[in-house]
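Dear colleague,

I am passing on the structure we spoke about, and I would be grateful if you could look through it alongside the notes below.

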Amino acid sequence: MTNQANELQAINTAWQIAIQEILRMVVRDLYKSGDEASFNAHIKSIEEAAC
């Protein structure tokens, strides 16, 4: 790989890690902020929106 391709790969990896961490925090906060039924309803709405 060229230097530019390596740099692009590093940037993509950094973004993937950042997004995973943000999603982990969002899910944790959603789960802690309400009861399990509320959490499950929210996850279901996210899943439906993704389809």
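Predicted model: local features only at pLDDT ≥ 70, side-chain atom pairs only at ≥ 80, totals over all residues.

The secondary structure of the protein consists of two helices and zero strands. Its radius of gyration is 16 Å, which is well over the 10 Å that the globule rule gives for 51 residues, so the protein is more spread out than a compact globule. Along the principal axes, the C-alpha atoms occupy a box of roughly 50 × 25 × 10 Å. Of the 51 residues, 2% count as buried, and the accessible surface amounts to about 4600 Å², with 60% of that area belonging to carbon and sulfur atoms.

Turning to the charges, the protein carries 4 positive and 7 negative side chains, and the centres of these two sets are 5 Å apart. The structure contains one salt bridge, in which the side chains of Glu 21 and Arg 24 meet at 2.6 Å, taken from N to O. As for how the two partners are placed, Glu 21 and Arg 24 are three residues apart in helix α1 and are therefore separated by about one helical turn. Glu 21 is partly exposed, its relative accessible area being 37%.

The surface also shows a nonpolar patch, formed by Ile 11, Trp 15, Ile 19 and Leu 23, which together have about 430 Å² of accessible area. One of these residues, Ile 19, lies in helix α1, which covers residues 3-33. With a relative accessible area of 45%, Ile 19 is partly exposed, and it passes the cut-off for patch members because they need over 30%.

Terms used
Residues numbered from 1 in each chain as written. Heavy atoms only, no water. Patch = residues over 30% accessible without salt bridge, like charges linked within 9 Å, V, L, I, M, F, W, Y side chains within 5 Å. Areas by Shrake-Rupley, 256 points an atom, 1.4 Å probe, with all protein chains shown as cover. Salt bridge = Lys/Arg side-chain N within 4 Å of Asp/Glu carboxyl O. Helix = DSSP H or I, 4+ residues; strand = E, 2+ residues; numbered from the N terminus. Buried < 20%, exposed > 50% of the residue type's maximum accessible area, 1.4 Å probe, protein only. Rg over C-alpha atoms; globule rule 2.2 N^0.38 Å. Lys, Arg positive; Asp, Glu negative; His and termini not counted. Charge placed at Lys NZ, Arg CZ, Asp CG, Glu CD.
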